Amino acid sequence: MAEDKMFVLMVEDDLVLRNVAGKYLSQKFNAVCVMNGHSARAETAKQVPDAILIDIMLPDIDGFQLLEGWRKDTKFDNTAMIMFTNLSETFDRTKAEELGADAYYIKADVDVAELPTIIEKHIKKRRKKGWFS
């Protein structure tokens, strides 16, 4: 049943990647895929996700700003925040870590079919840090 599935939000502006990843994510999760930061904020205002997969380079708000805002809000304490980007510089990885990202993945290094397994792993790790252990 869909209501028993964990909720995962993907913030990705690339239409093809969003559609392909969304198909894989929907097999395991109640997945919502949006194309920009404003839509992501609207979705998280309706429901707190178990995980958020965040691209950094978005057309409106960059992924770092989204991550920082969500991490400052305690209602997202048990939400796994996973950066999924083309940016491979150490600076970007370090910034994401400092802002509270649970993980940082380079898109070219990840088989999209593996995203559900990756996300589930980080949801479990995040919950062990919180009250759900």
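Biologist: Which residues of α5 do A21, Y24, L25 and K28 in α1 meet?

Modeller: In α5 the partners are L115, P116, I119 and E120; contact means heavy atoms within 4.5 Å. Helices (H or I, at least four residues) and strands (E, at least two) are DSSP runs, numbered from the N terminus. Bear in mind that this is a predicted model, where local features need pLDDT of at least 70 and side-chain atom pairs count only at pLDDT 80 or more, while totals for chains, interfaces and linings use all residues. Residues are numbered from 1 along each chain as its sequence is written, and side-chain values use heavy atoms, with hydrogens and water left out.

Biologist: Why are α1 and α5 called oblique to each other?

Modeller: Helix α1 (residues 15-28) and helix α5 (residues 115-129) pack at about 55°, their axes 9 Å apart. Angles under 35 degrees are roughly parallel, over 145 roughly antiparallel, 65 to 115 roughly perpendicular, and the rest oblique, so α1 and α5 come out oblique. The handedness of their crossing is right-handed, meaning the near helix is turned clockwise from the far one by less than a right angle.

Biologist: What makes L25 count as buried or exposed?

Modeller: L25 sits in helix α1. Its relative accessibility is 0%, and buried means under 20% (exposed is over 50%, partly exposed in between, with a 1.4 Å probe and protein chains only), so L25 is buried. Beyond four places in sequence, L25 is in contact with M10, A31, L115, P116 and I119.

Biologist: How do you know what kind of aromatic pair W70 and F76 form?

Modeller: There's one aromatic pair in the structure, and W70 with F76 is it: 6.2 Å centre to centre, 50° between planes. Rings of Phe, Tyr and Trp (its six-membered ring) pair if their centres lie within 6.5 Å, with planes under 30 degrees apart stacked, over 60 edge-to-face and the rest tilted, so this one is tilted. Both W70 and F76 are buried.

Biologist: Which residues have the most contacts inside the largest nonpolar core?

Modeller: V11, I54, W70 and M83, in a core of 21 residues. Such a core is a set of buried Ala, Val, Leu, Ile, Met, Phe, Trp, Tyr and Cys residues joined through side-chain atoms within 4.5 Å. At least two residues each come from β1 (7-11), β3 (51-54), α3 (63-72), β4 (80-85) and β5 (103-106); α3 gives the most, with four. Apart from that core lies another, of 20 residues, including A80, A103, I118 and I119.

Technical notes: Axes fitted to C-alpha atoms, helices over the stretch in contact; angles between N-to-C directions.
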